[in-house]
Amino acid sequence: MNKHLFVKVADIVSMAIIFICVSSCLKNKSIFLHEVKEFSFNESDCTLTGIPTGLEYEGDIAESLLIDSLLICQVEEPEGYLNVYRLKDFSLKATLCPLGRARNEFSTPFLLLSQYYKKNGDTYILVVDKASYIKEINLTQSLAQGSTIVTDMSDAPSIYEDKTVLYVNNNIRQLFMSEPKEQFSDDELALEYKIVDKANNDIIKIDLFSKPMNKDEEGVSNFSHGPIIKQPNRNMFGQPCSLMDYIIFFDIDNDKVFAAHRTGKPTFDDWAPDGRTLVFSRFAYATNNYLFAEYLKNNEAGRREKYLLVFDWSGNFKAGAKISPSVLSFVYDEKQNALYGWNRSNQDKVSSDVLYKFDLNGFLN
């Protein structure tokens, strides 16, 4: 055989092998650009049964926090938008955030955020006022003086424009957020993730996907949308995706993104969901060690069942269980290893929320 011909044939074969390998790698590469940890969850393994604490609120509890044995709840009272209860006996300690137009007063739309932190020994919480202002409240001093102390405020993205926002470095001028693109076409993602530093007029974009999900006419573009929560002492954020079986983690200080995905469920490489079926609700809760997320499932009778899924901040699945009765706006007490959640009751045509306690010993240790 001609020596030169043999070399050419060998080169062609080598190039073909390389092309096949590269094509195979590209074909198998996920559009999600970061590490994904698979987890398994058996829905019939465990049921957590709560007991009523005796605390009942006539009306709706919109959001809750548990800080230093104090239960902070978003309400709507003539005295204000926040009720603070003592966890030891569920007595009312204070009502904060009174209605009005002054700096230390508030008006609707009002929202208690999940982020809280400590500075110089005092505890701070964040609320959205009039849907467009973020106000930092010194909770410690407010309780000591019996009046709401607003220590800082800034403009905030509207809570009505599908934007989800919390804050880096516990600084209300450094936003970590997801929001729709101002302009996008069918070949662009509808949501983008970024850190916005208002003080320095700086924006850092965080790439999550190499391209959009495949979708038909009913498929949604904001397939990764969901609530954002923050680890209290670190610049780590978690986002349970409302429409898919993913929880995305953002480690800002280490410039790292990763996700947890339930084995056997649709992935980002499949067709986009149509938006009609919720997977994770907007209710989630963060502690130093854990991320708690409410998982939703319709049973055979078509009734929605609620589950509690728990992850650590490395994205590892720790535990999961059905919640009975179903609750929302839940919080976690590390000292007791207990979950507290509000169950909505409608007796005698009067809507009220009843607080239940769930003992997590033996479930989460």
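How do the residues of the lining of the largest pocket divide into nonpolar, polar and charged? The lining holds 22 nonpolar, 10 polar and 4 charged residues. Here Ala, Val, Leu, Ile, Met, Phe, Trp, Tyr, Cys and Pro count as nonpolar, Asp, Glu, Lys and Arg as charged, and the others, Gly among them, as polar.

The structure is a predicted model, in which local features need pLDDT of at least 70 and side-chain atom pairs count only at pLDDT 80 or more, while totals for chains, interfaces and linings use all residues. Residues are numbered from 1 along each chain as its sequence is written, and side-chain values use heavy atoms, with hydrogens and water left out.

The chain averages a pLDDT of 88 (the predictor's confidence in each residue, from 0 to 100). At least 70 is the score of 88% of the residues. Residues 1-28 stay under 50 in pLDDT. For residues 1-28 the model has 1 contact beyond four places in sequence, where contact means heavy atoms within 4.5 Å. Where pLDDT is low, the predicted coordinates should not be read in detail.

The chain contains 2 helices and 26 strands. These are DSSP runs, numbered from the N terminus: helices are H or I with at least four residues, and strands are E with at least two. Of the 365 residues, 49% are buried. Buried means under 20% relative accessible area, exposed means over 50%, and partly exposed lies in between (1.4 Å probe, protein chains only). The chain exposes about 18600 Å², an area from the Shrake-Rupley method with a 1.4 Å probe. Carbon and sulfur atoms supply 47% of this area. Among contacts with a separation of 6 or more, 49% join residues 24 or more positions apart.

The largest pocket holds about 830 Å³ of space. On a 1 Å grid over the protein atoms alone, a pocket is an open set of points where a 1.4 Å probe fits, with protein on both sides within 12 Å along at least five of seven lines. Grid points are joined across faces, edges and corners, and the volume is the space filled by probe spheres set on the points. The pocket is lined by 36 residues, each with an atom within 4 Å of a point. Glu63, Leu111, Leu113, Thr164 and Arg282 lie nearest the centre of the pocket. Strands S4 (64-67), S8 (110-119), S12 (164-167), S20 (280-286) and S24 (328-333) each give two or more residues to the lining.

Leucine 65 sits in strand S4. Leucine 65 is buried, because its relative accessible area is 1%. Beyond four places in sequence, leucine 65 touches Leu70, Leu71, Ile72, Leu112, Leu113, Ser114, Tyr116, Ile125, Tyr285 and Val331.

Aspartate 251 belongs to strand S18 (residues 246-251). Aspartate 251 also counts as buried, because its relative accessibility is 8%. Its contacts beyond four places in sequence are Arg234, Asn235, Met236 and Lys256.

Leaving out residues up to four places away, phenylalanine 317 touches Phe39, Ser40, Phe41, Leu309, Val310 and Phe311. Phenylalanine 317 and lysine 37 are 280 residues apart in sequence, with 9.1 Å between their C-alpha atoms. Threonine 95 lies in strand S7. Threonine 95 has 27% relative accessibility, so it counts as partly exposed.

The backbone was examined next. Most residues other than glycine have a negative phi, and most peptide bonds are trans. The bond from threonine 108 to proline 109 is cis, with omega near -10°. Proline 109 is in the loop between strand S7 (92-96) and S8. Serine 324 and proline 325 are also joined by a cis bond, with omega about -5°. Proline 325 is in the loop between S23 and S24. Asparagine 169 has a positive phi of about 60° and lies in the loop between S12 and strand S13 (174-180). Aspartate 255 has a positive phi near 50°. Aspartate 255 lies in the loop between S18 and strand S19 (256-262) and is exposed, because its relative accessible area is 74%.
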